[in-house]
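Hello,

Here is the structure I said I would pass on. My notes on it follow below.

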Amino acid sequence: MSVQTMSLSGRKKEVSNKKMSFWESLYLVAIVKGLWITIGHLFTRKVTVKYPEEVRTRSAVWRGQHMLKRDEQGRENCTACGLCALSCPAEAITMTAAERKPDEKHLYREEKYASVYEINMLRCIFCGLCEEACPKDAIYLTESKVLVPASYEREDFIFGKDKLVMPLEMALANSKNKN
């Protein structure tokens, strides 16, 4: 087998440059086929949704806005291990770890916590790998229909702990619902 005839993918085709007939060179058959497809699409059902009036149903595996969980006592679950940032294929998550001070025991569960936790929503692809990688179940993607509000400034798309941490009232309500 020579180098010229060898194909690594096995999909190599030989192209012939045979002369086209007069009718083939007019491309009438190709034009009629294209028009037939276009006319066929005129009579099919439209898939467009009139958004504000009609809301499309979400998939059962819908992943929405990120949220950092709190435990039953209102303390943050995140221990700044960095596994969510490592597992993120878009490299959208950044964090800075800090040591907990003695007077902050009511805010954080472990000795180490994330003093800065940011997700760049322009880079995030909402794959859910951060949720799967977290050993403390600290981050999850909600079923909220609101994703990222529109803005003209790039800084508005970097969500810090102020936008990501679960509100205290919601954490306390969840703990009451469990009991």
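Two strands (DSSP runs of E, at least two residues, numbered from the N terminus) count as paired if DSSP finds at least two bridges between them. The model is predicted: local features need pLDDT of at least 70 and side-chain atom pairs count only at pLDDT 80 or more, while totals for chains, interfaces and linings use all residues. Residues are numbered from 1 along each chain as its sequence is written, and side-chain values use heavy atoms, with hydrogens and water left out.

The sheet: three strands form an open sheet in the order β2-β3-β5, with antiparallel pairing. Its edge strands, β2 (93–99) and β5 (158–159), each pair on one side only. Strand β3 (residues 112–120) is joined to β5 by 2 bridges; in one of them, Asn120 has Ile158 of β5 as its partner.

The cysteines: an unreviewed UniProt entry places the feature "binding site" at Cys78, Cys81, Cys84 and Cys134; such annotations may be inferred rather than shown by experiment. These residues span 57 residues in sequence, yet no two of their C-alpha atoms are more than 10.3 Å apart, so they gather at one spot.

Cys84 is in helix α3 (residues 83–87); helices are DSSP runs of H or I, at least four residues. With 6% relative accessibility, Cys84 counts as buried (under 20% relative accessible area, 1.4 Å probe, protein chains only). Leaving out residues up to four places away in sequence, Cys84 touches Ile93, Met95, Tyr117 and Cys130 (heavy atoms within 4.5 Å). Cys134 is in the loop between α4 (129–133) and β4 (139–141), and is also buried, at 17%.

Regards

Methods. Buried means under 20% relative accessible area, exposed over 50%, partly exposed in between (1.4 Å probe, protein chains only).
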